[in-house]
Amino acid sequence: MFFRPRILDAFIGYSRSQFIKDLLAGITVGVVALPLAMAFAIVSGLKPEAGIFTAIIAGGLISLLGGSRVQIGGPAGAFIVIVYGIVDRYGVSNLLLATAMSGFFLIIMGLFRLGTLVRFVPIAVIIGFTNGIAVLIGLSQVKEFFGLRIEKMPAQFFQSIQTLYAAVDTVNPTALGIALASLSIIIIWKLLEKHLGHLSHIPGTVIAMALATVFTSWFELPIDTIGSRFGGIPSSLPQFEWIHISWSTAQYMVAPALTLALLGAIESLLCARIADGLIHDRHDSNQELLAQGVANLITPFFGGMPATGTIARTVTNVESGATTPVAGIIHALTLLVIVLFAAPLAKNIPLASLAAILMYVAWNMGEWKKFVELKQFRLPYRLTLLSVFLLTVILDLTIAVEVGLLLAFITFIYRISSLSRCESADPKQFPQLSNLEGQIDAYRIYGAIFFGAVKLLEKIEENLPSKTLVIDLKNVIYIDSSGMDTVQELAHLCKLRNIQLILCGLDHQPLEMAQRTGFIQTLSSEFLYPDLQAGLEAATRS
């Protein structure tokens, strides 16, 4: 079936024990998602409720419609850099428009079954932009971590560094103390996780945020909180509102929307693959793209931000015992209950504590060991990874991915073309060649004849024999249109010079390409042979 969410399969043989596992896992992930959803929204230049509403609506829709059994959707750190840039340059209304457009693009990708194509993005590109985003997330939290007095952080890297340096004398020791204490609690809780028994299901981020909130409220510490900065979180359901479109800037949202869609697709499918490995299952990538698209298309109408699959929350979901998408739906309902009944408590959450949480998330998000292991890889891999990383940090994620894909493409073409080769037939194996040197030449071609390897045939053209040219294509696995065009040019040149051209071993895809282009119809059957031996015997008889 084209559209079949995994939740339909989940209810087959669904038991009470499974529901209890999903219930406990969903509540756990909901608690975990609360501080992250708020933090991702705040650092993206939005109000904290934007992140929470996104986790509720998008998270619920992704679990309800998705192609993975245990994936948890919601706001993600990967979007922070793009979202902040859009908000800073075009405003919140255009961010909502770009998010809805990205949802439309994701639905199109799912409908055209492009889910598997996303997997073709090279790992060097993924690691490069993931580590770059992690650095930018960490950099964006320096202001709140140290309690610096900065009106607004610029979106550009060098301007951010300059702004932070200019405000270095405004450090708030109290905010720094709360941030360091929160970070220490998270790290210590993680180290002691194996010894905490049932308490290990409670994440350290929630413990750190709760303690920091109580401490800040009890002692009325002079630091910024959600209440002082944003006036708290509304304890009501999100309201549907039509997106206000500014037609003067809407045309500029296509590129950001495509970036959000591509990044969302990569993140969600990468997350789904990780989940597959944990539960030994296989997700439906196209169904997942459809779910992500619907979630991102609907969420902006409720004031939400871009959403995708989230690795940390998905892993927490699996480790908490989740077996079906029901856990993801319960995670969304848990957040909804928190908003309706506990929103007033959020006003005392210190931003320094949320900054510490994001610092921890950024550190765990990056694959830093890959930098140490770079010396084990070839120069093209290193160049691709480092280029994407540096461009992500310094310039723009879109440019970084484009350059990374271009470098990976060039590297792939070079590698494949280097694997393709052309060899003269060995006279010791075929004695008739020794007696007719200069009159008959025979070549064996290996690999692929495509636009990056047409030089193989061009070299043959430079040294044509006087009577017969025999080419063995038995070991050619692929010919593209450029390669076929070069073969036809060689045949035409042989005809002009009255040289007999014999092709051997033309089979499978190369034969199909020759038939499709009409080249095979120009050749007589007496010039087509199954192997090189038969071709040479025919050449010596003529």
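Welcome! Start with the whole chain in view: among contacts (heavy atoms within 4.5 Å) between residues at least 6 apart in sequence, 83% join residues at least 24 apart. You are looking at a predicted model, where local features need pLDDT of at least 70, side-chain atom pairs count only at pLDDT 80 or more, and totals for chains, interfaces and linings use all residues. Residues are numbered from 1 along each chain as its sequence is written, and side-chain values use heavy atoms, with hydrogens and water left out.

Next, switch to a cartoon view. You will find 25 helices and seven strands; these are DSSP runs numbered from the N terminus, helices being H or I of at least four residues and strands E of at least two. The radius of gyration, taken over C-alpha atoms, is 30 Å, well over the 24 Å that the globule rule (2.2 Å times the number of residues to the power 0.38) gives for 542 residues, so the chain is more spread out than a compact globule.

Now go inside. Buried residues (under 20% relative accessible area, 1.4 Å probe, protein chains only) make up 52% of the chain. Select M38, L46, I52, I86, F129, I226 and L354: they have the most contacts inside the largest nonpolar core, which has 77 residues. Such a core is a set of buried Ala, Val, Leu, Ile, Met, Phe, Trp, Tyr and Cys residues joined through side-chain atoms within 4.5 Å. Colour residues 16–43, helix α2, which gives this core its largest share, 11 residues.

Which residues lie in the other core? Among them are Y443, I460, I479 and V487; this core has 30 residues and lies apart from the largest one.

Key: Buried < 20%, exposed > 50% of the residue type's maximum accessible area, 1.4 Å probe, protein only.
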